[in-house]
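Me: Could you go through this structure with me? I'm new to this, so please take it slowly.

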Amino acid sequence: MRFIAGFVTAFIVLAIAGLALVFSGLVNIAAREPHSAPVFVLLQTAMRQSVARQAAKVPAPAPSTDISRGFRLYNETCVYCHGAPGKDPTDIGKGLNPEPPFLPDTIQHWSAAEILWIVKNGVRMTGMPSFADTHSDDDLRAVVAFVQKLPTMTEEQYAAYEKAQ
Ligand code: HEC
């Protein structure tokens with residue numbers, strides 16, 4: 001009984017301390033202030049685990065061969081934040097916190113189903129938008145196929161896609 005009373009008291013004290021912290025305004029929400037290392041690791045882990053779990057519930061997308069459609073969407077919509085071979089992200093991408101990953105370097109860590117889930121649903125409380133309501137499934141499957149090519153794509157190949165538009 002004593003143990004339970006102690007536990008409940010500790011919980012109430014922690015909840016009040018948490019609320020006091022929120023209402024005090026002491027939490028600095030400036031995007032240019034980096035998260036502390038433990039908070040950053042915690043948020044990144046939560047994101048990765050959540051995407052893995054959610055994406056496992058949906059079937060892997062049928063691979064798209066419409067690479068030029070995927071390029072168009074990527075170059076119109078994603079490149080500002082994520083960059084591309086020979087292209088740095090713009091000021092918008094550079095100013096976000098968390099900073100959008102440079103996809104040619106990171107995309108190989110994600111399966112096609114996970115990439116499709118991220119692009120459809122977005123990532124809450126980050127700059128990563130949801131494209132489910134603005135783009136068809138075929139568009140999104142095409143962009144998944146395109147981003148999976150980024151790690152081996154040269155600057156010249158990306159520029160050639162741009163020229164071909
Ligand atoms: C306004 C900026 C912005 C735009 C536009 C944007 N993203 Fe993102 N994206 C982000 C941010 C920020 C993250 C990091 C989220 C996180 O770390 O939790 C992200 C994460 C991702 C990830 C996970 C990558 C990783 O290694 O963690 C993928 C895949 C992705 N975006 C694909 C896309 C695609 C494809 C498009 C275009 C259809 C797109 N994004 C458009 C900001 C953006």
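Reply: Let us begin with one term: a residue counts as buried when its relative accessible area is under 20%, as exposed when it is over 50%, and as partly exposed in between. Lys120, with 26% relative accessibility, is therefore partly exposed. Please keep in mind that this is a predicted model.

Me: OK, and which residue does Lys120 form a salt bridge with?
Reply: Lys120 pairs with Asp137, and the closest N and O atoms of the two are 3.3 Å apart.

Me: How many salt bridges does a search of the whole structure find?
Reply: The search finds five salt bridges. One of them brings together the side chains of Asp139 and Arg69, with 2.7 Å from N to O. This pair links distant parts of the chain, since Asp139 sits in helix H7 and Arg69 in helix H3, 70 residues apart. Arg69 has a relative accessibility of 25%, so it counts as partly exposed.

Me: What about Asp138, which residue does its side chain meet?
Reply: The side chain of Asp138 meets that of Arg141 in a salt bridge, at 2.9 Å from N to O. These two residues are separated by about one helical turn, because they are three residues apart in helix H7. Asp138 counts as partly exposed at 40% relative accessibility, and Arg141 is also partly exposed, at 23%. Elsewhere, salt bridges that share partners join Asp66, Arg69 and Asp139 into one network.

Me: Changing topic: what volume does the largest pocket have?
Reply: The largest pocket has a volume of about 1600 Å³. It is lined by 50 residues, and Gln44, Pro98, Val123, Thr126 and Gly127 are the closest to its centre. Helices H2 (37–55), H3 (67–82), H5 (103–106), H6 (112–121) and H7 (137–147) are the elements that give two or more residues to the lining.

Me: Which of those gives the most?
Reply: H2 gives the most to the lining of the largest pocket, with eight residues.

Me: And how many of the lining residues are nonpolar, polar or charged?
Reply: The lining of the largest pocket divides into 33 nonpolar residues, 13 polar ones and four charged ones.

Me: Which residue has a positive phi, then, near 65°?
Reply: That is Met125, which is a residue other than glycine and has a phi near 65°. Met125 lies in the loop between H6 and H7, and it is exposed, because its relative accessible area is 79%.

Me: Last one: is Leu150 buried or exposed?
Reply: Leu150 counts as buried, because its relative accessibility is 0%, and the cut-off for buried is under 20%. Leu150 is found in the loop between H7 and helix H8 (155–163). Its C-alpha atom is separated by 8.2 Å from that of Asp105, although the two residues are 45 residues apart along the chain. For another pair of this kind, take Ala56 and Ala113, which are 57 residues apart in sequence and 7.7 Å apart in space, C-alpha to C-alpha. Ala56 sits in the loop between H2 and H3, and it is exposed, with a relative accessible area of 65%.

Conventions: Residues numbered from 1 in each chain as written. Predicted model: local features only at pLDDT ≥ 70, side-chain atom pairs only at ≥ 80, totals over all residues. Heavy atoms only, no water. 1 Å grid on protein atoms, 1.4 Å probe; cavity = no way out; pocket = protein on both sides within 12 Å on 5 of 7 lines; lining within 4 Å. Points joined across faces, edges and corners; volume = space filled by probe spheres on them. Helix = DSSP H or I, 4+ residues; strand = E, 2+ residues; numbered from the N terminus. Nonpolar A, V, L, I, M, F, W, Y, C, P; charged D, E, K, R; others polar. Buried < 20%, exposed > 50% of the residue type's maximum accessible area, 1.4 Å probe, protein only. Salt bridge = Lys/Arg side-chain N within 4 Å of Asp/Glu carboxyl O.
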